[in-house]
Amino acid sequence: MSTTSAGLEFHDVTVAYGRRPVLWNVDLTVPGACLFGIIGPNGAGKSTLLKAALGLVPLAGGEVRILGAPLEQVRSRVGYVPQRESVDWDFPVTVTDVVLMGTYARLGWLRRPGPRERSLAAECLDRVGLADVADRQIGRLSGGQQQRVFLARALAQQADVYFLDEPMAGVDARSQERIFRVLSDLRAEGRLVVIVHHDLRSVAEWFDAVALIDMRLVATGPVAEVLTPENLRRTYAGRLDVLDEIGRAVAEGGRTP
Amino acid sequence: MMEFDSTHLWMHFWAIATAATVSAGCALVGSFLVVRRLSLLGDAISHAVLPGIVLAVLAGGRPGGAGVFLGAVVAALVTVWLTNLLGTHAGLAEDAGAGVAFTTLFAIGVVLVSALASRVDIDPGCVLYGILELVPFDTVPIFGLEVPRALLAAATVLVVLVVAAALCWKELVFTAFDPAAARAAGLPVGLVSAGLLVATSLATVASFEAVGAILVVAMLAVPAAAAELLVRRFHRMLVVAVALGVAGSIVGYLAAWRFNTNAAGMIAVVLGIEYLLAALLAPGDGIVARVVSRESLRWRVACEDRLASLWRAEEGDAAALAPRTLLDRLAQARLVFGGRIVPGAAGGLTDIGREEARVIVRSHRLWEAWLGRHVALPLDHLHPPAEWIEHHLGAEVRGRIAADLEGDEGDPHGRDIPPEGFPSRPADAPTQ
Amino acid sequence: MILAVADMAFPAGWIPPYNTLVVAAGVASVGFAAGVVGCFAVLRRRALAGDAAAHATLLGVGLAFLLGGGRRDLPLLLGGALSTAIAALLALVLIGRWTRTRDDAATAIVLGVSFGAGITLLSGISARGIPGSAGLEQFLLGHTAGLTAADAMILGALSLLTVALVALFLKESTLVAFDPLFAAASGWPVTLIDYALVVLVAVMVVVGLPAAGAVLVTALVVIPPVTARQWTDSVGVMLPLAGLFGLVAALSGVAVSSAVPRMPTGPLVVIAASILLTISLLIAPRRGGLARWLRARRTVAAWAEGRLLEVALRLEVQGPFTREQLLAKAPGAAADSAFKRLVRSAAIEPVVTRAGTHAWRLAVWGRELAAERSRRLAAWTEVLEAAREDARGHLTIDVPSPEAILGAARMKAIRESAAAARSASGPA
């Protein structure tokens with residue numbers, strides 16, 4: 001991965017659910033190889049921004065580039081950890097089965113995972129400290145362990161850019177630390193890790209740079225420069241009312257008062 | 001199947017009356033099921049009452065009699081209990097659990113009917129789709145009038161349902177809207193839910209003879225779902241659902257008579273058509289209304305873009321764009337006709353047109369300025385969002401944005417933001 | 001059970017003709033395929049969408065019959081059934097996309113209305129006495145007696161084809177069924193795979209029509225996967241197992257119905273499948289009711305014994321104790337029988353006192369048991385403090401040995417980190 005080109009660029013990205021805009025004109029550049037946090041209050045559009053980067057929600061306007069290229073060209077270099085609630089944990093698959101899913105995209109249609117994929121999966125499980133539960137059904141894990149399974153699956157994707165959606169939600173302190181340690185290793189290997197995060201307290205401790213989001217980009221840059229009282233006030237008590245009103249008018253195809 | 005000639009008008013009257021009564025009861029109960037997302041329950045119960053009815057008849061109950069109702073209610077409770085059991089003990093998702101429970105009970109019912117055909121007077125075909133046409137032949141005398149037994153049963157059930165709904169109206173509505181809050185408020189939520197269950201079984205059994213086990217599903221769900229699309233208030237939804245159900249029964253029966261086919265099936269088809277019409281024509285978010293709203297927005301945007309483009313040309317920035325697409329040309333014609341644009345090849349803005357155009361350009365530049373200030377977009381990224389949002393800004397929000405910009409007169413490109421012109425209300429005037 | 005069914009269907013000395021054998025083979029492969037394909041319908045929570053499609057098949061059968069000019073040609077009728085089944089699924093998608101109606105009501109609407117339309121059409125056909133229409137009613141509840149060998153071969157071939165498709169795309173289907181969001185993010189055409197799986201369910205519903213009928217065929221698709229799920233935690237095992245259960249159910253249903261005159265096949269197939277499910281729900285290891293009950297009983301018993309030993313150890317400081325004293329300190333429903341077991345296993349032994357009352361004391365063996373239990377409790381306390389996650393799901397009230405569950409090496413690591421934490425926080 002070239003270290004000179006930006007890892008992730010949002011150019012004037014607007015996302016609408018139906019017709020209603022939920023994320024307005026985000027223009028953001030994330031350099032390569034760092035732990036980058038997307039921070040903001042509930043309903044600020046953090047996860048939406050992540051999904052926009054991954055092509056999981058259609059863009060109403062703007063463009064996303066990853067490693068200097070459109071998503072379709074670099075899809076195989078992108079890893080993803082969705083929110084834990086997004087799947088049915090009673091599904092009849094084992095921990096290893098889930099981690100192997102990280103290799104599926106590279107395998108392509110029809111080919112089955114072989115010994116090479118299995119050893120990669122075992123290695124990834126070992127990295128997140130779950131080697132001893134490899135054959136357990138996924139429902140019989142704790143929340144933190146489930147999150148680490150998802151992380152191991154993303155590791156098995158052997159990506160250059162990782163996207164994690166709220167990986168610390170409902171996760172105990174030991175798992176959190178373990179997850180952050182794995183993520184720092186990824187950064188040390190020259191990879192970009194983008195994390196949607198809600199807990200302001202741990203931001204300074206772990207992240208290199210952050211973006212403050214509240215329906216629009218409020219500020220971005222190194223943690224110390226961004227997490228100023230003024231920026232936090234603008235994010236958490238921001239000028240939402242205008243955006244909200246216009247959003248409603250757009251959704252209804254009418255005008256604001 | 002419909003082999004009576006038109007001299008038997010009484011027969012048809014009784015059949016229609018039965019269908020309408022049955023349908024009204026189903027629509028009433030179905031409304032509660034639909035708003036509580038329990039339509040599945042109607043599906044499950046309608047299948048599962050069969051073994052209950054058969055066993056009750058075997059034990060000596062008369063079709064339409066109290067014993068049969070009891071048997072059906074018990075069977076319905078067993079289904080729900082089985083579904084819950086499968087959910088809690090076997091970890092089954094609700095749909096799979098219900099699917100397992102009701103198909104099994106229904107299968108048992110069909111086997112009983114087939115195996116004991118000589119001892120039970122139930123036709124296997126009737127089990128599935130009912131024989132409404134035969135209802136008038138099984139009558140009981142009431143004050144000297146021969147009333148069909150099925151109508152009597154259905155009417156009794158309808159009265160019971162209406163009275164129960166009226167008595168427990170408050171509890172029913174609260175529970176339907178927010179079961180958790182209702183429980184917290186001390187309402188007997190469990191009891192209300194059980195009551196709904198019993199009501200569903202009663203409505204189902206009353207319909208069974210006339211329309212069979214499966215078409216009850218249509219009678220429960222379709223009028224209620226159609227009514228939900230048409231009106232927003234729950235008490236109105238009940239009335240509309242019942243009206244749709246009754247109308248569907250009458251029209252369906254007559255259509256079946258005309259085309260010489262099964263009445264219950266035709267009623268379901270007519271109900272389906274009612275639902276389709278409701279989905280198309282519902283005010284506000286019906287399919288037609290949505291298409292109209294989308295197209296009228298496109299139309300408005302085309303007109304406004306046309307005006308703004310002429311305004312910019314007058315400002316001297318750029319030459320006015322010639323209308324290119326068909327929509328643009330139609331918009332041009334509409335604006336000429338409406339007195340916004342002077343007719344002719346080089347037609348400029350009229351006075352009214354200029355006022356309107358100025359407001360649009362003002363919206364555009366205000367939004368560019370707002371974005372430039374609050375979103376930190378590069379200069380070349382400002383125009384596209386403003387091209388979009390300019391059509392949605394009203395006077396009040398424009399005033400607030402202008403106030404927020406604190407009288408900054410220019411947009412980020414250095415052009416003047418035109419003034420508001422004649423405000424709709426004095427308070428809306430921007431601070432200047 | 002299968003033997004008994006076979007006895008009923010094939011009396012001694014009776015040699016099944018070629019046709020019967022072919023039909024049986026065809027129905028067996030239909031049952032197998034329905035079970036396999038149904039797995040994804042159940043895992044993806046689409047069981048009832050399949051039901052709506054199944055009820056819609058009747059309309060297609062009627063339309064195809066009219067189009068074919070009154071021929072009772074099975075492939076034609078099933079082709080019609082498939083087209084309306086898919087139309088019903090499409091209607092579900094459209095209702096979801098264009099209206100406020102929620103999923104459950106949409107399913108009920110499509111199911112009820114399409115079945116009504118089918119009944120209307122079939123009744124209309126039969127009322128007009130169109131020749132050949134008498135057999136159409138067999139699609140309601142299923143009737144395999146009328147199948148020819150050629151029909152059965154077509155059904156069997158279609159079934160094997162769907163099974164082959166599922167086996168070929170097992171990896172992709174599992175991925176999309178488990179985590180569609182992740183699948184989409186890694187570039188898989190999720191919508192396409194999803195729709196393909198739904199269409200396969202529609203195909204199976206149609207192929208199962210002659211065996212189980214429109215009203216009940218959904219059970220053939222739903223019940224065997226649910227049964228298989230009781231026995232395994234792995235998709236790879238669940239699919240063939242569901243197929244096997246489906247096969248057994250279909251064959252037994254067909255066999256019984258051929259032995260009993262005028263009995264439709266569908267309900268019998270469903271009842272056979274439900275019997276298999278009931279047995280599985282009772283005796284499946286780990287998930288089964290019996291296993292759960294035994295486990296719960298064992299846990300409660302072990303807890304009661306442990307508590308009695310613990311209390312006995314404390315009471316013994318003041319000399320022998322009576323049964324009543326012991327039970328008063330460690331009450332509970334299982335305490336009485338636990339006491340009896342402890343006496344029987346000689347963990348508690350009687351002492352003869354001067355007053356002649358029965359008194360008891362811990363035997364050496366019982367003291368060891370009590371000591372072991374308190375050691376384990378202490379170890380678990382450490383685990384809870386240092387590595388709470390490891391305790392989750394393992395620390396049950398029968399207090400198992402942490403070493404046996406977590407491994408000696410992991411316990412050692414936990415002990416060390418606990419000790420480190422203690423020494424770190426101690427001085428402060």
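Residues are numbered from 1 along each chain as its sequence is written, while chains are lettered from A and ligands numbered from 1 in the order in which they are written. Because the model is predicted, local features need pLDDT of at least 70 and side-chain atom pairs count only at pLDDT 80 or more, whereas totals for chains, interfaces and linings use all residues.

**View 1. The fold of chain A.** Chain A has 10 helices and 10 strands, where helices (H or I, at least four residues) and strands (E, at least two) are DSSP runs, numbered from the N terminus. Its radius of gyration, 19 Å, is close to the 18 Å that the globule rule gives for 257 residues, so chain A is as compact as a globular protein of that length; the radius is taken over C-alpha atoms, and the rule is 2.2 Å times the number of residues to the power 0.38. Along the principal axes, the C-alpha atoms of chain A fill a box of roughly 60 × 40 × 40 Å. Of the 257 residues in chain A, 47% are buried, a term for residues that have 20 or more other C-beta atoms within 10 Å of their own, with C-beta atoms placed from the backbone.

**View 2. Where chain A touches chain B.** Here 19 residues of chain A are in contact with 21 residues of chain B, two residues being in contact if their C-beta atoms, placed from the backbone, lie within 7 Å. On the chain A side, the elements that give two or more residues are β1 (8-17), β2 (20-30) and α10 (240-252), and α10(A) gives the most, with 5 residues. By class, this side of chain A has 7 nonpolar, 5 polar and 7 charged residues (Ala, Val, Leu, Ile, Met, Phe, Trp, Tyr, Cys and Pro count as nonpolar, Asp, Glu, Lys and Arg as charged, and the others, Gly among them, as polar).

**View 3. Where chain C touches chain B.** The contact between these chains takes 49 residues from chain C and 52 residues from chain B. The elements of chain C that give two or more residues to its side are α3 (47-67), α5, α6 (138-141), α11 (209-231) and α13, and the largest share, 16 residues, comes from α5(C). By class, the side of chain C that touches chain B has 29 nonpolar, 13 polar and 7 charged residues.

**View 4. A pair of helices from chains B and C.** The axes of helix α2 (residues 39-58) of chain B and helix α5 (residues 103-127) of chain C come within 7 Å and cross at roughly 40°, where axes are lines fitted to C-alpha atoms over the stretch in contact, and angles run from 0 to 180 degrees between N-to-C directions. The two helices α2(B) and α5(C) are therefore oblique to each other (under 35 degrees counts as roughly parallel, over 145 as roughly antiparallel, 65 to 115 as roughly perpendicular and the rest as oblique). From α2(B), B:Ser39, B:Leu40, B:Gly42 and B:Asp43 make the contact, together with C:Asp104, C:Ala105, C:Thr107, C:Ala108 and C:Leu111 of α5(C).

**View 5. The two domains of chain C.** Chain C is divided into domain 1 (2-285) and domain 2 (288-428), with bounds that come from an automatic or database domain assignment. Taken over C-alpha atoms, the centres of these domains of chain C are separated by 53 Å, and 7 residues of domain 1 are in contact with 4 residues of domain 2. Helix α13 (residues 265-283) of chain C gives the most to the domain 1 side, with 4 residues.

Conventions. Buried ≥ 20, exposed ≤ 12 C-beta atoms within 10 Å, placed from the backbone.
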